Structure formats: C-alpha cells, structure tokens
Number of protein chains: 2
Amino acid sequence: MTVGSPGPAAPTDSAVAALRPLADMNLHEAGFLGRWQRVNVETTIPRCVDNLYTAGSINNLRSVRDRSIELTPPRFSDSDLYKTLEACGWAAGTTYQAKINGFLDEALDLLRAVQEPDGYLNSWMQRGDRTRFADLSHGHEMYCAGHLIQAGIAYARATGDRRLLEIGAKFADLLYSVFAPDGHAGVPGHPEIETALVELYRATGEQRYLTLAGLFVDRRGHRTLDTSVTPSEYFQDHLPLRENRHIVGHAVRATYLAAGATDVAVETGDTELLAAMQALWTDMVETKMYPSGGIGARPHGEAFGDAYELPPDQAYAETCAAIASFMWSWRLLLATGDGRYAEVMERTLYNGIACSISRSGAEFFYVNPLQLRSREFRAAGTQGTRVPWFGCACCPPNVARLVASLGSYLATGDAESVQLHLYAAGSLRVGDSIGLVVRTGYPADGAVHITVTEGAAEWTLSLRIPQWSTAARITVNGTEVRAGRNELGYAVVRRRWQVGDTVSVEFDLEPRVVRPDKRVDAARGCATVERGPLLYCLEEIDQPAGVFEDLRLDPAGPIVPVPAHPDLVEGTVALRLGGSRAGVPVELTAIPYHQWANRGDAAMRAWIPISEESL
Amino acid sequence: MTVGSPGPAAPTDSAVAALRPLADMNLHEAGFLGRWQRVNVETTIPRCVDNLYTAGSINNLRSVRDRSIELTPPRFSDSDLYKTLEACGWAAGTTYQAKINGFLDEALDLLRAVQEPDGYLNSWMQRGDRTRFADLSHGHEMYCAGHLIQAGIAYARATGDRRLLEIGAKFADLLYSVFAPDGHAGVPGHPEIETALVELYRATGEQRYLTLAGLFVDRRGHRTLDTSVTPSEYFQDHLPLRENRHIVGHAVRATYLAAGATDVAVETGDTELLAAMQALWTDMVETKMYPSGGIGARPHGEAFGDAYELPPDQAYAETCAAIASFMWSWRLLLATGDGRYAEVMERTLYNGIACSISRSGAEFFYVNPLQLRSREFRAAGTQGTRVPWFGCACCPPNVARLVASLGSYLATGDAESVQLHLYAAGSLRVGDSIGLVVRTGYPADGAVHITVTEGAAEWTLSLRIPQWSTAARITVNGTEVRAGRNELGYAVVRRRWQVGDTVSVEFDLEPRVVRPDKRVDAARGCATVERGPLLYCLEEIDQPAGVFEDLRLDPAGPIVPVPAHPDLVEGTVALRLGGSRAGVPVELTAIPYHQWANRGDAAMRAWIPISEESL
C-alpha cells in the first residue's frame, strides 16, 4: 500500500472526525489476523475470482456485448465482481497477492467494453434491455455502482492505480446528472451508493458526489419505495433517518445506509445526523445484537427483529450484516474517538464475521446461528457445515474485501498521537515520523508488546482497554505505569519516546461466564462463556458421550484453559468447564465460537443452558 | 343433518377402527362450542362467501368460460370455494343456515359450467391454458380436487344432496384414469386428495378411489417432486411414509398426508402403515407441538422445525396446520380408541384453533404466536390484531368447515356403547336407540351432566378423563360411582339405564402452573398457566402499569379464578396470579389464550417467565 494512504473510510481534513485513519498496518502472518489475511489472499480471494467465472458474474457482463450468452441471476451479480476487485485492490498492498495479479487488467478490459458512453454500467439491465432506474426498489443498479466505486477506491488508495476508479466516477457522474438536486427524487432500494459516493468525494475532491450522497440520505424515509413485496420498513423507507430511533428491516440495507449517513454527517458537519446515527447504533447494540456481534435475527426479510428477539437456533445473523455493522462502527469510531465502537468491532470481527469462514478459507456460512441441534433432533435436510459457494454469493467476497483491508481498521493517529484500537501482530507507520511494531499472540494470549521503531519525540500512545478487561497491566520498558481507562475506553501514555522503547500490555484473559440481558427471552436460563474478545461454544464432538441437548453448564465451576483439538487453528485455547447431564457431573469443553463446524457436521451451542440449581 | 349419518371421516364397517362415528351432536348455543358454531354460521361463513366474490375465487372460475375476466392468484383459489361449500354443507345440518341457503345452487351452476366433459375442473389451469398435471409439485390441481370432493361429502352426509359429490366423483374418475395402477406414477405436491378419495370410497363404495389414495400414499417419498424451490422434505417426499419417524416439512402438507394415510390404513387393514402414523403423531406431539396444540414452528417453508424448536414469538403455528392436526388426531382416535388422541384434539381446538378467530367471528389470524412483545419493543410494521381477510385465504374457510362440523368430533358409539371424548352442551343420538343430553358450562366450568333421553337398556358409557384431571368425581343420579381412568384414558360406566338417569362428572379445574419440557430451549425459565383444557396468557392490557416485558410469574403463588374483563366472551374465567417486576411483587391477570387480541393491538405471553428466585 502507498505509504500514508488510508484504507476504507478516510475522512477529509475538513471532516468532523475525532480520529484520522492511518496507513495500513502490515499484519504479520504469525498473528491471528495476519494468518487470516494470508488465507484470504491465498485461498478465499482466488476462490472468489474462480466463482466469478463459473457462477455467472463475468458471463453476465460479457453477455451485454455478446448476446449469445444468457444472463443468469441474481440481478446484482456485478457486485460480486466489484467486491472481489475491491478485495484484490486492498490485497495489492500486501505481500500475498501473486495469485491474483493480472485480474484487474482483465476486469478493466471487460468493464470498459460494457460501460455505455454516458457511464451507465449494469449487466442485468443492459443485457435484459430493461429501462434504467425504472425499478429503484429492486433493480440494484446503484448498489452495484457503489461497489464498483469502492473497488476503484481500493486500487487507488492501495496502489495509486486510478483506472478502475475512473470507471466508477464516470457512472457516478451519470447518477448525479439523473438524481442531482431538482432531478429524479428517488432513492435506491438497497443502500451502498451513499458511502461509496462520500468515499469518491474524498478520493477526488468533487463536492457533487457528497451532495448526491446527502440527497439519498435525506430523500429516504418518505415511503417512495415499492411496498408490493416488502413493507417500507424493509427498506428503512418508513421514517426519515434522522427521526428514526429503532433500527429495523433488512439488516444489510440498514447498516450500509447508516454507514453512508455517518460518512455524510462527518463530511458535512451535520451533528444532528451524526447524533441520530449514534442513537440508532446504540439501539442495535443494546437490543438487537447477538453476543457474536451478529445482527439481523429474522430469516424472513433478512431483518432485524423486535428488541431482544435473538433466537440462537433460527438466528439469521447474515455474514454481510456483521461486516456492514463493523464498517459502520469504524466510521462512528473515527467520528467520535469513543472506544465502545471499537469494542463492538472487535466482538463482531472475532466472532460474528470470523465464524462465517472455514479454517481453510474455502467454505462459507451465509447465516450464522448460535445453536445447532444434534443430528437426531434436527429437522431432516438441515446441514451443519459451511459450503463452497452460494447461489446468492454476496457474503464470500464481502469477507474477502474486509479481510484484505483489515490492517486499516486497527489503529489511528497523526504526528502527535497513535491510537491502537484492535491488537494484532504487525508493523505500522504513522505519517512520516512514527513507526511501531506490535508483537502479540492476541486474542489467544493476552500479552501485547509495542516497540517504537521510529519517532524519537514526545507523542501520545492510546491503548484501548476492552470493557471485559478489569486488570490490564501496562509497562514501559519493564516498568509499570499507572494509566487507567479513560472515559473513552483508552489508557493514555504520553512521553518522550526513544527508538527501541517497548510498551507492554498484559490483558487479563480470565474466562468469564456471562449472563444475557434478562429481556432476551431466547437466552433465559443460559450463559455464554467468553475469554478476551472471544465467544466460546460447545461443540458436540468435544463433549462426553450422551445426549448433547441435555448438557448443562455449572456457572460457578472452575474454568481451565487447555490446548484445543489439533484440527483447530494452531494455538487455539479451549476451555474445560464444569457441567452436568441429568444431574450427573460431566466435564465440558468449549472452543472459540468462530471455529465451530471445522470438524464435520456439528451440533453447537454458544448460549449454554445452566444447571437448574444455579439459576 | 340426516339422522344416523356421520360427519367427516367415517370408517366403513369393514375398516379396522376401534370406534364408530356418530350422528352429529346438536350443540346448544349456550355452550362454548355451540356459541362458536352459531357465530360461525352467522358471521364467519357469510364472510367467507362474500370474500369468494370479492377476492377472486368465483371470478377465477367464471373466467374459464368468460375470457374477459382476468385470473387472479393464488392458483389454488378454487379450494377457498370448496372449503366454504364444505362449511355450508355441514352447517346445513344445523339450525343457523338461513343466510347461506341458496349458495349451493349458485355454486353448482358455476362448477357444472366449468367442469370439462372428462371431469377436469381447475380454474387456474383451464383459464391459464396450462397443461394438466404437468406441474404436480406446485400446481395444486389435486389439492383443489380433494377439497371439492370433501365439500360434496359434506352435503351428501349432512343433507343427502349428492349433486356436488357427483361433480367431485367425476373429477376423481378422471384422476383414476390418469394415475391408476400402471398410469402416471406422480404424486401431488400438496396432499389432501388422499383423505378425500378415501371418504369418496366410503360415500360411494367404489373401491378404485381407495386404491388411488393408497397409490398416492405409497408413491410418495421417492424424491419425484421438484426440488428447485423447496427440498424434498418440504413435500414429505424424502422418505417413504411408512419408514419416516420424524415429522418434517410443510406442516399442513405433512398432516393432511398423515390423515389420508391413516384413512388408507384403516380401510385397507394396513397395520404397518397405521403404526407408522401413530409413531409419527407421537413425534409431533412430544417434540414439535406448542402448548396451544399449534404445530409448524418455522415461518420459512411453513414448516416443522427441529425437535423442541418452539419459539413463542416467531412461532408460525398456522391455523390450517392446527386444523389438519385435529383432523388427523380424530382419525387415530377412531382407529385406536386411545384417549390421548382426543386429549390433543381438545388442546388444539380450544387453544391453537380457537385463537385464530376473533370473538365476533369476522377477523382471523393466519399465524398464531405464543408471544407478542409490547409495541415499544416490537419491530416497526408488526401488527398485533387479527385481520378481515388474507391474500392467501386458506385459513378462514378451513376454520369455517371445521366449526360447522364440530358436532361430529365429540362422541362415538353404537347400540352397545357411547364414548364422550370432548364435552359440550348439546344433545346427541346414537343409532336408533340411545339419546343423551349434555348440560355443561365446560370448559369454563367443570361440571358436566349427561341425561339419558332414550335407551332404557344395558349399555356402556365411556367418559374421557383428561390427563390434567386428577380428581374427577362421577355420580349417577347423585350417587358417586367408582370409575377410574382406564389405560385408554376413559372412565367406563356400564349399567342398565333408565330414561332420565343423569351421570354427572365434576372435573377439577384447579389452575396449573406447567413447566415445559427441559429440551424446549425457547421456554427455558418459563411456565404456562392452564385451567382445564385452556391455556392461559398474560395480555399487557390486564397488567399493572410498567414494562410488560419485565413481568415475572411466581409459580408458587396463589391462583384465583375471577370473572374476566366484560369485553371477553361472557362467562370467561380469568386468573389472578402472583408475580413480580424487578423484584417488586405485582398481581398479574391471565385470560384464556384463545381470547387474546380481542381488545385492540395487544402484547401477550403464554409462556410466562418465572421469577429468578423460583427457578
């Protein structure tokens, strides 16, 4: 990645933002996130690219100029290409991209051939001879355009190559000419274009893109979208966004929209809109989020449910929704500097997003339940394994683009300060003056060592202390410093640093038995087991023989960390727990939730029923 | 109703059946079921008839001969007419039918005009110029044909008018010619024809109808139905019925099929098939049934879920599924004489079916949850009231046909014995020799008085003693008799009866706090409150001010029956319960679950969280 260029979501200097994104952090593959990023580039992204050819995305675009090729659903298959390109773009800044070099040039040739002279580009509409922008509710034209723009942003920021961005900008210019002030007052059925337009404004300095993003945010909520198939709430079109205090409807739509509105708010200094987004986020986190960070409880409409409606077995918790939530939280973190947004990012990343992908990086979950019953109790036809691909393949390339850009989401800073939000082994540079190397086995291990490699000067290092940590110890060159968690959730160390100085944080990873909010009906009488940022679960394969469904956790029993089963990711910590079955004591074994279903079809519980005596 | 003619499901003399259905019981409108039957004929059936004209059923049939009329979905709209006609048919045997007389002649004219010379009759296929039987998976031709036949059966049995039956039999003859042995080996995507064909065999004596029903049962389960939209399990086409021990898939399909297979089993003496149906029923009742008797937990696919997957808030529990389950249980009761089938019929009728209809009889629920959160917690757009009609209107006419025929489901008997399965005020005759009058305020009141009006002879009276009853007292002419519950669940009184003899049963209606099976995850830490056969619930409107979601039941507290709110059905008993909110004692009020949502948009809980101290 070009030194000094930020990753996704880069507020301008004039934005109302507490924090400034950094250059990408170069993740070391010995670490959890570095390993994931390596698997992503070696396996996941190539798999995404392969599927673009076999599942129809490439052919749909080719079909626009070669009518002998049939169009295949879904109508938004172009977006799979764009998300994969975005992943390739961010990955181009890493060291693992060999396998996917060359794909950009091929894609550019194809897209240039398909794009109309006025900038329009959408295979479903062009090949299908459909009228542009005639079905904003379901057409997904602007959804695809948004992903095209974001892919261009990735290449531009990561490599300086702006060729793809030019294609997206040309389409954006067309959108402005159609939907600009005094133009067509419609809004897209599936948000995504909003955040892309703000990013395009950031990458080009062209005010009109920000203006258009703001129009899409403010025009929404007036029930203009088609309600013959789904109600206005599905589209977040039932109330103006700045008046709405309850997050509802399709979870991916809701959170992409909120991310875009947050971008608009910080760039326009719209503090009312920002406050509305913060309130909406709080509603989501406090009443509609699983302990995995997953959101969108209902399969029907892929939607948020009622407050506290969080069934573990029929959880939808779509992978894409968790990713969108992560992206939204990052934007609110940048806007406010408040560590609670980073806290939710961490929970979501290590649990609700990480669980969607197999250890190998080649299989995926679209929905991410917190419970799957034993085979003998399970309705016939229900599988308990990830699959190689989906008919609606939005999730795999979404994971790919996120993981490729993960290094951008961990830290912020400027010449005077560095903030570490998420901990991962790697090295980072802040502007021209500060360099740091982070060594850690986090989240399996609680020790984080940060060594100054450049920046012999006085500046401030802020370290996020997660809410679950009650006894973190911080030392500088071996000497303990008293630096408590401030109101934003950070320990702040300011001093005149020398190259070679090492700050160490020792997080207390004592496993915790966590009782859910009493209003969560589906988790009554249950608890989660957590360690650091990781949610744990019971997999049937690890438990003593007998009926898995009848296991109970003794919440007051000892919890002993032990090495995990060798088929799990190396270094994984399992937990031995006290439990019972029909009143008879048994020893239970929990593994990190994100690693479930890596050993064949699995029964699993993350909310574990606790023994009646303990209730 | 013609004296001596049975109601729905009438095994022949040669059938392997423990019990013989009776002439219809004439329900007194002072009683709960009699009142319901009056409302059904005065309001529900006329509303169904009206909607046949306004919602498209009649017009779809007319459109076959008048192409200026457009066809409107759903494709099975003919079945709404047939179910309504069936309701009218059964109602013709009651005293409330004035409003709906004449409708049969109108319908006969229409159907005769539409039916093809070879017997085919289906507006969706005929008007749509679709190929007959080309889409057995989704076409619903035989589903509609089954309901046509059942409507004909109703008129024939209730009034002796066989004109409608002739139309159905003509279609059945066509079906036999197409699907007979050595013919087309397909099966219908939506079962219903199976039970109708057996009933047609019973009504006509024509063996071929029974043969065809048996073929449809045995040909199923070989994965011949289309799996491009739904898996084989949805259609119960994944395993031969006699091999399957776990009820899965679309709940209405599963239970209509099972009812038809049970009919085939008793008429053919197929004890293996009957045993398989009993095992399947037990799986349903023990692992996949709500305390309301509702079945089919999952909205997706309107399907049974896993064993013990019974979410109260997102419960589907379709009205039609509860009705189909009731009909299936009746067939197993006739086959075996085992009172546990009557027990489930009673639970289902008074709770899972009765809840689907408003007090006025004019509004309906399609899905029947056991919990609805307060408005302030509820996702925007979710209503908590019944509605006047549905786009897919299968449920209202299904309720109508069941309620019109309710008198047929209460008792069985012959010249030697009478069995009372469900208790309702009314009078019945058994054959030529026995007459009884039942006086009772059941289920609100536990006293049932049965007076012999004819039948001065020695014969046996069997009275079902529900499992919830632990202290029922039986007297004959005021003298207590010792007659315990036998292994089939009945108290048996045999004596030489005199006209005027009165048997009284006093059921103990002590309210009960019932803890769910420990494997029902969604009900952990909750209990139901029940009284007699009635499930109770908390409605927010009856509780002290404060957050409804935070109420807790004290399961050990006193429960006091009190008169219910005057806007509920007259004579309803409410219950005062001990409870708490945030540890502070409060008094709770429960009403019968089937009467919820009769006082405006309502929050409700049937599974009530119990106080932590009581767990």
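Predicted model: local features only at pLDDT ≥ 70, side-chain atom pairs only at ≥ 80, totals over all residues.
**Exercise 1.** Characterise the contact between chain A and chain B by its residues and its buried area.

*Solution.* 
Step 1. Chain A contributes 37 residues to the contact, and chain B contributes 37 residues.
Step 2. About 3100 Å² is buried between chain A and chain B, and carbon and sulfur atoms account for 46% of this area.
Step 3. Of the area that chain A buries against chain B, 20% comes from A:R519, A:D521 and A:R524, more than from any other three residues.

**Exercise 2.** Determine how many salt bridges and polar contacts occur between chain A and chain B, and describe the residue classes on the side of chain A.

*Solution.* 
Step 1. There are 10 salt bridges between chain A and chain B. One of the salt bridges in the model pairs B:R373 with A:D306, with the closest N and O atoms 3.3 Å apart.
Step 2. The side of chain A that touches chain B comprises 12 nonpolar, eight polar and 17 charged residues.

**Exercise 3.** Explain why the salt bridge between A:D173 and A:R208 ties together separate parts of chain A, and classify both residues by accessibility.

*Solution.* 
Step 1. The closest N and O atoms of A:D173 and A:R208 are 2.7 Å apart, which falls within the 4 Å required for a salt bridge.
Step 2. A:D173 belongs to helix 7 (residues 163–179) and A:R208 to helix 9 (residues 207–219) of chain A; the pair therefore ties together parts 35 residues apart in sequence.
Step 3. With a relative accessible area of 29%, A:D173 is partly exposed. A:R208, at 27%, is partly exposed as well.

**Exercise 4.** Are A:R202 and A:E267, which meet in a salt bridge, buried or exposed? Treat B:R202 and B:E267 likewise.

*Solution.* 
Step 1. In chain A, the side chains of A:R202 and A:E267 meet at 2.8 Å, N to O. The pair links helix 8 (residues 193–204) to helix 10 (residues 251–268), 65 residues apart.
Step 2. The threshold for buried is under 20% relative accessible area. A:R202 is buried because its value is 12%, and A:E267 is buried at 7%.
Step 3. In chain B, B:E267 and B:R202 form a salt bridge with the closest N and O atoms 2.8 Å apart. B:E267 lies in helix 10 and B:R202 in helix 8 of chain B, so this pair ties together parts 65 residues apart in sequence.
Step 4. B:E267 is buried at 8%, and B:R202 is buried at 13%.

Definitions and conventions:
Residues numbered from 1 in each chain as written. Chains lettered and ligands numbered in written order. Heavy atoms only, no water. Contact = heavy atoms within 4.5 Å. Buried area = accessible area lost by both parts, 1.4 Å probe. Polar contact = N/O pair within 3.5 Å; in protein donor to acceptor, adjacent residues only side chain to side chain. Nonpolar A, V, L, I, M, F, W, Y, C, P; charged D, E, K, R; others polar. Helix = DSSP H or I, 4+ residues; strand = E, 2+ residues; numbered from the N terminus. Buried < 20%, exposed > 50% of the residue type's maximum accessible area, 1.4 Å probe, protein only.
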